[in-house]
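Take a first look at the model below.

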Amino acid sequence: MSERDATDFARRRFVKGVGAALTVAPLMGDDAAAGSQMNDTFLKACRGAPVDYTPVWMMRQAGRYLPQYQKVLAQTDFLTAVRTPEIAAEITIQPVDIFGVDAAIFYSDITTVVVPMGMDLRYSDDKGPSYANPVRTPADADRLIVPDDPADGLSFVYEAQKICARELANRVPLIGFAGAPFTVCAYMVEGGPSHAFSTYRRLIFDERAAFTTLMDKVSQHTANYLKAQAAAGANALMLFDSNAGLLGPDDYESLNLPYVRRILAALKDTGVPLIYFGLGAHSSLAAIRDCGADVISIDYGLRLNEAVAQLGQNVSVQGNIEPYVLYDSKAEIRRRVAETLAAGKAARGHVFNLGHGVPRYSPVDNVKAMVDAVHELSQV
Ligand code: CP3
């Protein structure tokens, strides 16, 4: 593609902010200008259907490296932003406006879902999310409630998603998400972020009944939560299992993955593509392949071509560029994009992404360069 075509391509996807979203410029050329056809390249790749180019979005694309995000957060705080539908929707759409990514991921956090179960969520700027009442005993686990109605205490999520769906209708799909139960329970037991999660890992083995009760309850609530997100307008659903690597492969497959399978099975009826991201579960790809997800998100610790070879042709892949390469030169970013696109070609479908979240101080113009390079270099 010539440089001018590439610029046009980017410009067609660049639209004005939320306030102007109802009068957006056409995205897909003249055909779409007349109607309201969504750019569904991401959804096609999730299902393994043919695409004109490789779709791209980034885990944690809405966040602190963006000046537009910092501006919103300067006037509020994290939990208020998450709990105010108009603010959450605005932040969700920012990366679509700024970079022309092919999907929006709903702005929220994996820690909020369990508040209606009885968890006391706090947030501090330096430490991140924490719970004032961590789960440490079987009695603590027994006390947790599974709300009958997933809207109880979480209606702000579905309201925000309805706003997003409306504002994004002519642009890109919305990804709803939750933490996988094993990862959410890690925070519930530990109380907050941790390097080793040693309190959690001890509880798994010396308070097995508490662990099982906790996982059962969180799984049931998470399935209800994700179903409600699909009903509110999420076009795909993703489970973030960022702590999957805490257990070795046999324990991961017996103590974590069965709950993931249960949730994904419960979501089949929604009809939307399901994505699973198990960070660090490198020895279990064969088991992950059959977990019920349409897309397996691969972290930066695996070679994409080797992951694709193990996953076969029944699932699509997402990933997996080294996130910190965003601090390197644009030439190096472009080289790595080409390499990742080449590896993704062997997959049933490929959604370009990072191997984990966007780092906190990533240069914005490098993020833009990465997205543009994916679009440009993957044109067929
Ligand atoms: O852009 C997106 O991907 C959507 C929003 C999103 C956030 N958190 C917003 C957020 C998503 C998908 C998450 C998931 C999440 N949250 C995970 C799984 C993915 C991963 O990164 O491994 C985890 C483990 C968490 C828990 C969490 N939330 C931590 C440990 C922290 C503090 C440290 C950090 O990384 O920022 C958060 C806070 C958080 N979640 C922020 C954002 C934008 C930063 C809040 C701020 O603005 O100060």
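Predicted model: local features only at pLDDT ≥ 70, side-chain atom pairs only at ≥ 80, totals over all residues.

Start with the site of the ligand. The ligand sits in the largest pocket. Around the ligand there are 22 residues. This shell divides into 14 nonpolar residues, five polar ones and three charged ones.

Which residues come nearest to the ligand? They are Arg60, Arg64, Tyr69, Ser242 and His356.

Take Arg60 first. Here the backbone takes part: one of its N or O atoms lies 2.6 Å from an oxygen atom of the ligand. Now find Tyr69. This time the side chain is involved, with an N or O atom 2.4 Å from a ligand oxygen. Then go to His356. A polar atom of its side chain lies 2.6 Å from an oxygen atom of the ligand.

How much of the ligand does the protein bury? Taken alone, the ligand exposes 870 Å². The protein buries 88% of that area.

Is Ser316 buried or exposed? Its relative accessibility is 0%. Buried means under 20%, so Ser316 counts as buried. One of its polar atoms lies 2.8 Å from the backbone oxygen of Ala45.

Note on methods:
Residues numbered from 1 in each chain as written. Heavy atoms only, no water. Near = heavy atom within 4 Å. Polar contact = N/O pair within 3.5 Å; in protein donor to acceptor, adjacent residues only side chain to side chain. Areas by Shrake-Rupley, 256 points an atom, 1.4 Å probe, with all protein chains shown as cover. 1 Å grid on protein atoms, 1.4 Å probe; cavity = no way out; pocket = protein on both sides within 12 Å on 5 of 7 lines; lining within 4 Å. Sits in = over half its atoms within 2 Å of the grid points. Nonpolar A, V, L, I, M, F, W, Y, C, P; charged D, E, K, R; others polar. Buried < 20%, exposed > 50% of the residue type's maximum accessible area, 1.4 Å probe, protein only.
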